[in-house]
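Please consult the sequence and the coordinates while reading.

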Amino acid sequence: MDATAPDQPIAEARANLSELLNSVRLLRRTYFLTSRGKRQAAVVPAELGELIGRAGGADAAAAILSAHLAPTTEKEL
């Protein structure tokens, strides 16, 4: 597993789940799990997941953050 890459193929993440989780927990990294090169899900520190829950779920948290962030271009994503 490349611990410096934010995108991790799901199969690779599954094979190295313990290492991935340690990196998320200890280094507070966020990883995007990919399938065929497309992001499918994210593994985030527990505290961030709890905040998303308190905000009312992923859609509500995204709306709150979007209102406070400058617009981005597709290239930046």
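**Side-chain interactions in a predicted model**

Q: In which strand is the place of Thr34?
A: The model is predicted. Within this model, the strand that holds Thr34 is β2.

Q: Is Thr34 buried or exposed?
A: The relative accessible area of Thr34 is 10%. Buried means under 20%, so with 10% Thr34 counts as buried.

Q: Which residues is Thr34 in contact with, leaving aside its neighbours within four places in sequence?
A: Contact here requires heavy atoms within 4.5 Å. Once neighbours within four places in sequence are left aside, the contacts of Thr34 are Asp7, Gln8, Pro9, Ile10, Arg39 and Gln40.

Q: What is the N to O distance in the salt bridge of Asp7 and Arg39?
A: Side chains of opposite charge can pair when their charged atoms come close. A salt bridge requires nitrogen and oxygen within 4 Å. The side chains of Asp7 and Arg39 meet in such a bridge, and the N to O distance is 2.8 Å.

Q: How many residues apart are Asp7 and Arg39?
A: Asp7 belongs to strand β1 (residues 7-9), and Arg39 to strand β3 (residues 38-43). The pair therefore links distant parts of the chain, with a separation of 32 residues.

Q: At what relative accessibility does Arg39 count as partly exposed?
A: Partly exposed lies between the buried limit of 20% and the exposed limit of 50%. Arg39 counts as partly exposed at a relative accessibility of 42%.

Q: Over the face of which residue does Arg39 lie?
A: The distance from Arg39 to the ring centre is 3.7 Å. A charge over a ring must be within 6 Å of that centre. The ring over which Arg39 lies is that of Phe32.

Q: With which residue does Arg28 form a salt bridge?
A: The closest N and O atoms of this pair are 2.9 Å apart. Arg28 lies in the loop between α2 (17-27) and β2 (31-35), and its partner is in helix α3 (residues 46-54), so the bridge ties together parts 19 residues apart in sequence. The partner of Arg28 is Glu47.

Q: Which residues make up the largest nonpolar core?
A: In soluble globular proteins, nonpolar side chains tend to be buried together. The largest nonpolar core here has six residues: Ala13, Leu20, Val24, Tyr31, Leu33 and Val43.

Q: Which elements each supply at least two residues of this core?
A: The core includes Leu20, Val24, Tyr31 and Leu33. The elements that each supply at least two of its residues are α2 and β2.

Note on methods
Residues are numbered from 1 along each chain as its sequence is written. This is a predicted model: local features need pLDDT of at least 70, side-chain atom pairs count only at pLDDT 80 or more; totals for chains, interfaces and linings use all residues. Side-chain values use heavy atoms; hydrogens and water are left out. Helices (H or I, at least four residues) and strands (E, at least two) are DSSP runs, numbered from the N terminus. Buried means under 20% relative accessible area, exposed over 50%, partly exposed in between (1.4 Å probe, protein chains only). A nonpolar core is a set of buried Ala, Val, Leu, Ile, Met, Phe, Trp, Tyr and Cys residues joined through side-chain atoms within 4.5 Å. A charge sits over a ring if NZ of Lys or CZ of Arg is within 6 Å of the ring centre and within 35 degrees of the ring normal.
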